[in-house]
Amino acid sequence: MQTTSKTFKISFYILVVFNIALLAALSFILLNGSDGFMDAERINIKDKTGKNRIVISNMDNIPPPIINGKTFQRAVNPAGIIFYDKNGDERGGIAITDNETTNLNAIALDYQNADAVGVLAQDNKEDNYFKAGLIINDKDLSGKPGHNINRINLITENGNAALIMKDANEIPRIILKVDSLGNPSIEMFDKNGNLNWKQ
């Protein structure tokens, strides 16, 4: 029950932040555009010191990630909304990636160094592969930018639904699954990732 409550709160906060960003963007467009419309390739919403707090951008103008004041290269360049803290460091966002083979959409909330919670949806254009889920990470206390410890995945993938809980070394230790045929299972693994119990 406590885990369900925390998951609900996280999802609720994600929706609140998304709605605030969307409301800000719509208000800007309606107040500044002719006939209520405005075309833009990128919109920067800044605080009074001039630092970006929200950026709305197409894929060609999406800013690179900033962590601890340092700029890094993105693995992919999505269109989306990027959120920043008061220091100008990236703290999450909404990313829409569309390439020749895959649609991948994600919402992320970050720790100071990398992703903390993510919601994703993916489907391929050339086959029937699809995946959607919730990803929860521990913070990597070494502070290495872009690296955290994946601990919990709640995933549906090609009709197979699973809750995967991992240890601090990212080794799956418990998997609760219902496969595409409706068969449920519980699997437990040792610290080396070897299956030691299944029901």
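With which residue does lysine 125 form a salt bridge? The points below begin with that pair and then turn to two others; the model is a predicted one.

1. Lysine 125 pairs with aspartate 98, and the closest N and O atoms of this salt bridge are 2.4 Å apart. Lysine 125 belongs to the loop between strand 8 (115-124) and strand 9 (130-138), whereas aspartate 98 is part of strand 6 (residues 90-98), so the contact ties together parts that are 27 residues apart in sequence. Both partners are partly exposed: lysine 125 has a relative accessibility of 41%, and aspartate 98 has one of 47%.

2. A salt bridge also joins the side chains of arginine 151 and aspartate 138, at 2.6 Å from N to O. Because arginine 151 lies in strand 10 (residues 149-157) and aspartate 138 in strand 9, this pair ties together parts 13 residues apart in sequence. Arginine 151, at 25% relative accessibility, counts as partly exposed; aspartate 138, at 31%, is likewise partly exposed.

3. Glutamate 187 and lysine 198 form a salt bridge whose closest N and O atoms are 3.5 Å apart. The pair links distant parts of the chain, with glutamate 187 in strand 13 (residues 184-189) and lysine 198 in strand 14 (residues 195-198), 11 residues apart. Is glutamate 187 buried or exposed? Glutamate 187 is buried, because its relative accessible area of 13% falls under the 20% cut-off. Lysine 198, by contrast, counts as exposed at 52% relative accessibility.

4. As to the overall count, the model contains six salt bridges.

Technical notes: Residues numbered from 1 in each chain as written. Predicted model: local features only at pLDDT ≥ 70, side-chain atom pairs only at ≥ 80, totals over all residues. Heavy atoms only, no water. Salt bridge = Lys/Arg side-chain N within 4 Å of Asp/Glu carboxyl O. Helix = DSSP H or I, 4+ residues; strand = E, 2+ residues; numbered from the N terminus. Buried < 20%, exposed > 50% of the residue type's maximum accessible area, 1.4 Å probe, protein only.
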